[in-house]
Amino acid sequence: MRRLLKRFFSNLNFSLGFVLSFVVVAMALVSLVWTPYNPNRMNPRDRLQGPSISHPLGTDQYGRDTLSRVMTGAVNSIIVGLVTVAIGLTVGVLLGLAAAYYGRFVDEAIMRFSDLLFAFPAVLTAILITSVLGPSMINAMLAIGVFYIPIFARLTRAVAQGVWQQEFVTAARASGIGEWAITRRHILPNILSPLLIQGTIQFAVAILAEAGLSYLGLGTQPPNASWGRMLNEAQTFMNLSPWMAIFPGVAIAWAVLGFNLLGDGLRDTLDPRMVKVR
């Protein structure tokens with residue numbers, strides 16, 4: 001275990017990404033039990049204040065504490081990342097495994113379905129779904145999760161097809177083990193690494209996508225805090241209170257950079273093709 005941790009933390013991308021991601025997760029966990037103020041409590045007397053001892057990140061146009069709302073927004077961002085990646089992984093892995101196992105017509109049908117989903121840009125697909133179902137955090141997660149399905153399906157199919165050709169799978173077949181038992185015991189464990197790497201990277205993309213949808217008014221709805229919604233509300237007061245946009249913008253950049261670096265570090269460490277030959 002110590003050797004494995006040393007291997008991970010010897011990678012600069014992973015170490016930096018871990019620290020940045022840890023700060024976001026820690027902030028979200030702390031906000032579940034404590035925030036400096038009630039993030040939704042309005043106080044007109046304190047509206048548009050700059051950073052101070054009582055309000056380290058200032059206040060918004062309703063007098064709500066920006067630090068409290070940034071902390072609460074981290075919870076929403078992490079929930080969106082977890083749920084959307086879970087949707088993409090669950091459905092995408094099942095489709096990818098079916099395509100790799102059955103091949104022929106099933107493979108062709110699943111890949112053409114993936115091409116159909118890829119034909120529409122992610123943001124356009126999300127806007128379409130949230131416009132039809134109504135703007136909400138749940139519908140935003142559904143929209144982003146649907147777009148992730150072909151990503152994980154294609155990755156699973158490509159990796160699983162290579163594993164099915166390995167000699168240990170042939171030996172397992174010769175010993176009388178069933179096909180789905182082979183899938184569970186041999187195929188899935190050997191495709192976990194690329195799925196973990198892709199999941200971490202898509203987690204960061206989900207945070208950015210949710211912020212974009214909330215900015216457009218199609219994601220998390222008020223009065224619930226969302227980094228994208230905070231940016232939308234801040235644009236009217238840029239001249240009076242630029243910090244209203246700066247701090248949620250920094251939070252988005254911090255989280256996306258952290259999870260992207262974490263994914264890059266995992267790829268460098270877990271993917272044998274990325275290991276330098278010495």
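This is a short tour of the structure above, stop by stop, for use in your viewer.

**Before you start**

The model is predicted, so to speak of local features a pLDDT of at least 70 is needed, side-chain atom pairs count only at pLDDT 80 or more, and totals for chains, interfaces and linings use all residues. Residues are numbered from 1 along each chain as its sequence is written, and side-chain values use heavy atoms, with hydrogens and water left out.

**Stop 1: the whole chain**

Show the chain as a cartoon. You will find ten helices and zero strands, where helices (H or I, at least four residues) and strands (E, at least two) are DSSP runs numbered from the N terminus. The C-alpha trace spans about 75 × 50 × 30 Å along its principal axes. Of the 278 residues, 47% are buried; buried means under 20% relative accessible area, exposed over 50%, and partly exposed in between, with a 1.4 Å probe and protein chains only. Among contacts (heavy atoms within 4.5 Å) between residues at least 6 apart in sequence, 71% join residues at least 24 apart.

**Stop 2: two packed helices**

Next, select residues 66–102, helix α3, together with residues 179–215, helix α8. They pack at an angle of about 145°, with their axes 8 Å apart. Here axes are lines fitted to C-alpha atoms, for helices over the stretch in contact, and angles run from 0 to 180 degrees between N-to-C directions. By class, the contact of α3 with α8 holds 17 nonpolar, six polar and two charged residues. Ala, Val, Leu, Ile, Met, Phe, Trp, Tyr, Cys and Pro count as nonpolar, Asp, Glu, Lys and Arg as charged, and the others, Gly among them, as polar.

**Stop 3: the nonpolar core**

Now show side chains for Y148, W164, I187, I207 and W227. These have the most contacts inside the largest nonpolar core, which has 52 residues. Such a core is a set of buried Ala, Val, Leu, Ile, Met, Phe, Trp, Tyr and Cys residues joined through side-chain atoms within 4.5 Å. Elements that give two or more residues to this core include α2 (12–33), α6 (137–164) and α10 (243–270). The largest share, 13 residues, comes from α6. Apart from this core lies another, of six residues, among them L48, A234, F237 and M244.

Zoom in on I187. Leaving out residues up to four places away in sequence, I187 touches L97, A160, V163, W164, V169 and I182.

**Stop 4**

Start with S10, in the loop between α1 (2–9) and α2. S10 is exposed, with a relative accessible area of 59%. The side chain of S10 reaches the backbone oxygen of R7 at 2.7 Å. That is a polar contact: a pair of N or O atoms within 3.5 Å, where within protein one must be able to donate a hydrogen and the other to accept it, and residues adjacent in sequence count only if both atoms are side-chain atoms. Draw a distance from S10 to N43 as well: their C-alpha atoms are separated by 48 Å.

Move on to S31, in helix α2. S31 is buried, at 13% relative accessible area, and the side chain of S31 reaches the backbone oxygen of M71 at 3.4 Å.

Finish at T269, in helix α10. Is T269 buried or exposed? T269 is buried, with a relative accessible area of 6%. The side chain of T269 reaches the backbone oxygen of G265 at 2.8 Å. Not counting residues up to four places away in sequence, T269 touches R7, F8 and N11.
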